[in-house]
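Here is a short briefing to read alongside the model. Keep the viewer open and follow the topics one by one.

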Amino acid sequence: MVLNYSQPLEISNLTSWLDSTLRGNLSEFWALLIEFVLVAVVLLTAYAVIALILIYAERKITAFFQARYGPNRVGKWGLLQSVADMVKILLKEIVRINRSDRFLFFAAPFFMIIASMLTFGAIAFGKGLHAIDFNIGVLYVTAVSSLGIIGVLLAGWSSNNKYSMIGAMRSGAQFVSYELSAGFALMTIVVLAGTMQFSTMIEGQRYCWNIFNGHISSIIAFVIYLISGHAETNRGPFDLPEAESELTAGYHTEYSGLQFGFYYLAEYLNMFIIASIATTVFLGGYMPIQVHGWDGFNQIMAYIPTYVWFFGKTAVLIFLSLWVRWSFPRLRIDQLLNLEWKYLLPINLVNLLLMVILVLTGFTLTGLFPGLF
Amino acid sequence: MSSVSQYFSGLFTGIKSLMLGMSVTWKELWTKKVTQQYPENRGTLVISDRFRAELTMPHDENNEHACTACGICQMNCPNGTITVNSKMIETEDGKKKKILDTYQWDLGMCTFCNLCVLTCPSDAIKFENTFENAVFTRSKLMQQLNHEGSKLREKKKEPLIPKGE
Amino acid sequence: MENIKKLILNTVKEAVIEEKQKLTVTVAYDKLHQLAKALYDNVELPFDVLVYLIGMDRGEELGVNYLLCSSKDLSKEIVLKTGTADRENPLLYSVTDLYETAHYNEREVFALLGIRFINNPDMRKFFLNADWVGYPLRKDYDPNPELNPVSIESKEIVDIAPRVMETADGKLVEDTVNIFGDDDYIINIGPQHPSTHGVMHFRTALDGEIVKKIDVHSGYIHRGIEKLSESLTYPQILHFTDRLDYLSANINRHGLCMAVEKAAEIEVPERAQYIRVIMDELTRIDSHLLAWSAMTNDLGATTAFIYGMREREIILDIFDKTCGGRLIINQNVIGGVMFDIYSEFQKDVKAFIPYMREKLKEYDRFFSHNVIALGRMIHIGKMSKEAAISYAVTGPAGRGSGWSCDIRKHIPYSLYNKVEFKEIIRTEGDSYARYLNRLDEIEESLHIIEQLIDNIPDGDVCAKVKPIIRLPEGEYYQRVEAAKGEFGVYIESRGEKNPYRLKFRSPSMALVSAMPLICKGEKISDFIGIGGSMDYVIPDIDR
């Protein structure tokens with residue numbers, strides 16, 4: 001995990017100093033406990049802050065796509081708009097719905113938010129900024145992120161609202177289908193990288209990102225992953241479960257206040273999670289752009305801290321997702337399923353096979369030009 | 001066309017159409033934004049002269065208006081927006097004369113159809129483009145158009161509202 | 001038309017034929033259906049379009065006027081009149097089996113005048129609650145608010161429809177019919193819903209995502225304009241027309257002005273005609289732009305919505321500068337127009353034309369060929385030509401089904417016989433045809449404006465009109481092509497300064513009445529999209 005260049009701005013310097021001080025002064029149990037708490041607090045804060053930034057960014061970028069200015073009243077350039085929105089959501093009354101299934105109704109938002117938080121924890125934000133580094137990281141991420149759908153289905157079922165119900169059922173069908181594609185796309189890269197661990201995967205992409213390494217096959221997997229990831233987060237043009245013009249707000253029609261806030265937050269965070277997994281798996285994660293043999297260049301690149309690289313790459317993908325979202329009309333449920341089952345899934349399966357062949361025959365870039373990378 | 005080539009041509013024309021759509025939004029991303037920045041742009045805001053926002057009764061520098069309290073505007077108003085209250089006074093030469101007491105206009109009821117202005121025989125009222133009419137209570141929407149202590153002006157003078165408006 | 005007269009007399013011997021503004025035939029109530037059927041089946045010139053169905057309180061009797069015309073040539077018109085002297089339990093025969101559009105109109109007549117129609121399959125009140133006391137359009141209606149107090153309780157919607165059916169042996173039976181089955185999964189789309197384009201209530205029975213049946217429930221914002229008009233003078237009535245279909249405000253008003261001008265024999269100055277037509281076409285572009293935007297929004301493309309609104313803003317600015325209104329523009333008055341054009345008008349309009357053309361291309365690239373959009377429009381919401389005629393669906397929607405129904409071509413009014421333009425007709429009858437029709441009609445409207453804008457003659461903008469207009473006794477019809485279809489005005493005058501009966505034919509009502517037909521079997525998402533492609537405006541229905 002150690003790069004050979006000096007990286008003065010890295011946070012890992014701080015974290016390792018903190019770790020050694022704690023361990024030097026306290027017993028291992030206490031040191032670990034304090035570290036766990038610290039990590040949890042930092043993650044939760046980051047979760048909220050990233051969501052707020054994303055909400056602001058989305059509103060602003062959307063506005064610019066639509067020949068508007070977007071929020072520009074609260075703070076300079078409307079920077080505090082999402083903070084104001086958050087305060088508003090916190091202050092709002094939580095409405096109780098007649099004849100709803102009270103327990104499930106209240107439990108549903110937690111499923112949603114916990115699922116996205118569990119995934120959030122496994123993301124490598126930068127060197128040393130990686131809370132859990134499973135050796136089955138990819139598997140873990142796909143597994144826990146799919147818990148969120150339970151929240152959506154429960155919300156639809158328990159709201160005692162027909163719009164919610166239709167929205168939730170759509171969401172179920174959509175999620176089950178697209179989870180498949182997303183999983184296969186990731187598997188394609190696992191074949192290429194030969195590991196499921198995020199840290200090893202990133203390290204392996206030092207000189208050649210996976211998207212280039214597996215060239216044609218990787219690019220296809222990348223596009224498919226973006227599409228299905230987009231669909232999994234229920235964002236336009238795949239926002240059928242919410243489908244504002246059809247189902248008013250879909251599965252969260254009956255939610256208000258903080259409960260709605262949970263859904264709102266989770267939606268934005270899921271967008272970030274999808275983008276960051278794509279970054280990690282396809283675009284080299286937090287790894288700076290490095291060229292084999294160009295030491296000067298590599299040193300300059302390494303001066304830029306790894307977390308900046310990570311957030312930069314993720315931001316590009318998020319922008320792409322926004323661009324797509326605000327360009328297209330919404331799909332109908334049968335179009336949605338067609339796209340998955342008639343196009344994405346077969347292409348994906350062929351692609352997986354192709355990748356296996358590429359790897360076995362050594363037709364990957366690193367296989368073809370071993371000297372360059 | 002065989003179904004295989006149909007499958008692929010469908011796929012590619014689809015992708016092409018989507019790219020085309022994205023190119024349009026990309027271009028629009030950089031175009032000039034059109035949102036009006038009200039109220040910051042109040043100084044530069046141009047409201048067309050003919051915009052009907054508020055009924056007014058122009059008064060000249062001697063606090064005189066042209067309303068003879070004939071009540072034609074009140075009769076013509078489809079919604080009962082206008083109430084012309086007149087009073088009888090005795091002029092110096094002993095004649096009885098009807099003059100305007102209060103001219104009430106209810107902004108909340110008005111549909112801005114301009115019939116009152118069109119039918120007014122003495123061109124005493126007109127619509128102004130002062131559009132900031134929001135108030136907090138309904139009662140404030142009732143406006144008295146003639147000023148305190150105003151009088152009817154004599155006929156000979158220049159009309160208060162220039163012709164052609 | 002001599003053949004038609006013969007046909008009428010052959011069918012119903014006692015029919016009274018009068019040559020008024022239109023050929024008017026009065027028959028007894030039990031002969032009307034027979035006569036309508038004969039006219040409908042006339043091979044040479046079938047009278048298969050029911051343009052108006054006007055319920056009337058004629059004083060002694062309650063009656064209905066029908067204006068029929070032929071789908072082949074809209075200018076061939078016949079007025080049928082019938083009535084019944086029974087004011088307690090008035091019964092007339094329905095023509096719903098011939099003209100589907102009669103269904104809602106007859107329900108409206110029932111609500112407002114209390115006439116029930118034999119053989120109408122669903123005789124619930126339209127617009128009004130079942131428990132409304134009195135029939136508002138009757139002359140002896142008691143408007144006392146205590147009879148119909150404002151309720152803050154929600155009222156149950158009647159699901160069991162009463163009706164009067166005639167059995168094979170000629171007996172009348174009152175029975176009921178259930179609108180929905182017992183275990184139907186019904187969702188309410190509206191009255192408060194983002195995509196009903198107003199306060200419209202569709203109760204939709206679903207089978208999964210598929211629409212099984214739609215029950216239209218309207219009247220949430222009914223304002224009783226027709227009743228109000230009966231106590232107002234003609235210039236005062238004008239301001240209501242802007243509030244019917246507010247997107248075709250200028251065209252509606254043009255229609256009413258023409259009806260009054262024709263009746264009072266007022267000559268409209270040439271300059272006013274030019275201004276009227278240019279403003280009409282700008283209004284049409286405005287309306288079609290909004291329709292385009294709203295439809296894309298219904299399909300989930302919010303960005304396109306904003307682009308459409310941006311372009312529309314330019315037209316609104318022109319309106320604003322011309323006549324001081326943006327939506328409710330109050331431009332036409334009896335005898336001409338209220339305001340002359342402003343000095344920069346020509347320049348502004350001429351700058352707008354090339355700009356709009358460029359934007360039309362952009363719309364094309366952005367949305368018209370988008371693969372998702374195509375999938376959501378092509379073969380969706382199919383309406384056959386026969387259905388369009390039967391439901392009297394006019395405007396871009398009717399022409400999307402291959403029915404040439406442009407009043408500007410068939411019965412040219414104002415300057416429309418002097419300008420050159422194409423009537424856009426497509427035969428597919430699906431959402432996409434209606435969608436493309438609108439965009440093409442924008443282009444045609446630009447073309448019309450181009451021909452007129454440089455040739456506006458000098459002169460007055462308004463004829464001299466008496467301060468109090470009294471129309472001579474008679475019935476006056478005027479049909480114009482509004483943005484959403486045919487808009488009609490019917491005035492019955494008894495020589496007073498206010499009309500005895502005024503009726504507006506709203507294009508949107510026909511569009512909505514066709515919705516249950518064309519949405520059946522489509523997905524719920526497409527129901528929204530079809531609604532967008534039909535482009536109805538609710539205040540036009542809830543007059």
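In chain A, helix α1 (residues 12–25) packs against helix α2 (residues 28–65) at an angle of about 145°, and their axes lie 8 Å apart. Axes here are lines fitted to C-alpha atoms, for helices over the stretch in contact, and angles run from 0 to 180 degrees between N-to-C directions. Please bear in mind that this is a predicted model: local features need pLDDT of at least 70, side-chain atom pairs count only at pLDDT 80 or more, and totals for chains, interfaces and linings use all residues. Residues are numbered from 1 along each chain as its sequence is written, while chains are lettered from A and ligands numbered from 1 in the order in which they are written.

**The helix pair in chain A**
- Helices (H or I, at least four residues) and strands (E, at least two) are DSSP runs, numbered from the N terminus.
- From α1(A), Asp19(A), Leu22(A) and Arg23(A) meet Glu28(A), Ala31(A), Ile34(A) and Glu35(A) of α2(A); contact means C-beta atoms, placed from the backbone, within 7 Å.
- The residues of this contact comprise three nonpolar, no polar and four charged. Ala, Val, Leu, Ile, Met, Phe, Trp, Tyr, Cys and Pro count as nonpolar, Asp, Glu, Lys and Arg as charged, and the others, Gly among them, as polar.

**Where chain A meets chain C**
- Chain A brings 22 residues to the contact and chain C brings 25 residues.
- On the chain A side, α7 (162–193), α11 (244–247) and α15 (333–361) each give two or more residues, and α11(A) gives the most, with three residues.
- That side of chain A has 10 nonpolar, six polar and six charged residues.

- In strand β16 (residues 485–493) of chain C, eight of the nine residues are buried, that is, 20 or more other C-beta atoms lie within 10 Å of their own, with C-beta atoms placed from the backbone.
- Strand β15 (residues 474–482) of chain C runs antiparallel to β16(C), joined by nine bridges; strands pair if DSSP finds at least two bridges between them.
- β15(C) and β16(C) make a hairpin with two residues between them, and Gln478(C) has Val489(C) as its bridge partner.
- Five bridges join β16(C) to the antiparallel strand β17 (residues 501–505) of chain C, where Leu502(C) stands opposite Ile491(C).

**Domains of chain C**
- The domain assignment, automatic or from a database, gives domain 1 (2–159) and domain 2 (225–542).
- Their centres, taken over C-alpha atoms, are 26 Å apart.

Key. Two residues are in contact if their C-beta atoms, placed from the backbone, lie within 7 Å. A residue is buried if 20 or more other C-beta atoms lie within 10 Å of its own, exposed if 12 or fewer, and partly exposed in between; C-beta atoms are placed from the backbone.
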